[in-house]
Amino acid sequence: MTAALDAPGIALRSDALIALRRVIMNAETAPVLANLPGGYATRRKGHGLEVADMREYVAGDDVRHLDRNSTARTGRLHIRQFQEERDRVSLLIADFRPAMFWGLRRAFRSVAAAEALSLIGWSIVESGGRVGLLAITYKGSVIVPPRGRARGMLDVIGGMVEAHANSLAAMAGNGAQTQALDIGLSRAEKLAPSGAELIIASGFDTPGPGLADRLNALARRRTPRLVLITDQSTSHMPRGRYPVRLVDGRRLRLSLGGAGGAEFPPVQSIAGYPALTLDAGEPVEQTARRIRTVFQREQAA
């Protein structure tokens, strides 16, 4: 049993998640903004270093921001306006509840969720942001405060490996209990400051009756981003009734397969929020391409 729990795709290994940094570094084309005081420039006007626009002087403007070149060229006083820089703080939320320990091809959905969050996390820290972790497990949470640079991401990876190992051991001992996702997200508001991103990787099984309200509350001052981890291999299985053992020891049969290989849509709706759909059975390089495509589309918008 111990050997099976250590098999690739079942166990979560820190070296594999650290190696995903190379995938991001090889594909990353965006400029690194770590030299700015806050990490990255926003569209909000403020006292930063990045010039936003130029306009004519009006009474009350700070004369220290006069632009000599524009003033000399036009003969009228001109003022430079700047973009404000601030920290990009992202809380990576990993769902390691019992329902995520499932997979028919390459990896458990829990492992795929950790891989997706690692790819996103490495991209954030390489762009000058900070990352933290909230790992929802069978009996509570593992928390890593937001921190920047590679050290911050290494702390997050260590937290995910610890939380995953604890949940996997509980699954093997039939001691895991399922809690609703909305309850697991209850600590996110205190962990993530105003303006932060919340990147939630989950299968969204047992969401709980209050998931939509929880996301709405978080969205008032933060930006929730959902990543739906699926296992599309069930649609390629022959149609039939398959035996399944639940975490409480009960056994039942589920009707699976026979969907003709239909593909899941790339974006689905969860509690009224768009969710990027990732297949746990796909190679991690394909997952990286899907994530990169979505991020580039958001930046272009």
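I began with a rule: two strands pair if DSSP finds at least two bridges between them. Strands themselves are DSSP runs of E with at least two residues, while helices are runs of H or I with at least four, both numbered from the N terminus. With that in hand, I looked up Ile199 and found that its bridge partner in β8 is Arg225.

**Ground rules.** I am reading a predicted model, where local features need pLDDT of at least 70, side-chain atom pairs count only at pLDDT 80 or more, and totals for chains, interfaces and linings use all residues. Residues are numbered from 1 along each chain as its sequence is written, and side-chain values use heavy atoms, with hydrogens and water left out.

**Overview.** I noted nine helices and twelve strands in the protein chain. Of its 301 residues, 43% are buried. Buried means under 20% relative accessible area, exposed means over 50%, and partly exposed is in between, with a 1.4 Å probe and protein chains only.

**The sheet.** In what order do the strands of the open sheet come? I read β6-β5-β4-β7-β8-β12-β11, seven strands with mixed pairing. At the edges stand β6 (140–148) and β11 (267–270); each has a single partner strand, so one side of each is left without a neighbour in the sheet. From one strand to the next, the twist averages 25 degrees. (Axes are lines fitted to C-alpha atoms, for helices over the stretch in contact, and angles run from 0 to 180 degrees between N-to-C directions.)

I then checked two pairs of strands. Strands β7 (residues 197–202) and β8 (residues 223–230) run parallel, joined by six bridges. By contrast, β5 and β6 pair in the antiparallel sense over seven bridges. A hairpin of two residues links β5 to β6, and Leu133 stands opposite Val144 in β6.

**Helix α4.** This helix packs on the sheet and touches β4 (89–95), β5, β7, β8 and β12 (273–279), with its direction at about 155 degrees to that of β7. Is α4 mostly covered or mostly open? Mostly covered, I found: 18 of its 18 residues are buried. Just after α4, Gly128 takes a positive phi of about 95 degrees.

**Cores.** A nonpolar core is a set of buried Ala, Val, Leu, Ile, Met, Phe, Trp, Tyr and Cys residues joined through side-chain atoms within 4.5 Å. The largest one has 44 residues, and Phe96, Met153, Val156, Met160 and Ile229 touch the most other members. Helix α4 (residues 109–126) gives the most to this core, eleven residues. I found a second, separate core of 21 residues, including Val89 and Ile270.

**Val131.** I located Val131 in strand β5 (residues 130–137). Why does Val131 count as buried? Because its relative accessibility is 0%. Its C-alpha atom is separated by 5.7 Å from that of Leu91, 40 residues apart along the chain. Beyond four places in sequence, the contacts of Val131 (heavy atoms within 4.5 Å) include Gly121, Ile124 and Val156.

**Rings.** I found one aromatic pair in the structure. Phe101 and Phe108 form it, edge-to-face, with 6.2 Å centre to centre and 80 degrees between the planes. Rings of Phe, Tyr and Trp (its six-membered ring) pair if their centres lie within 6.5 Å; planes under 30 degrees apart count as stacked, over 60 as edge-to-face and the rest as tilted. Both Phe101 and Phe108 are buried.
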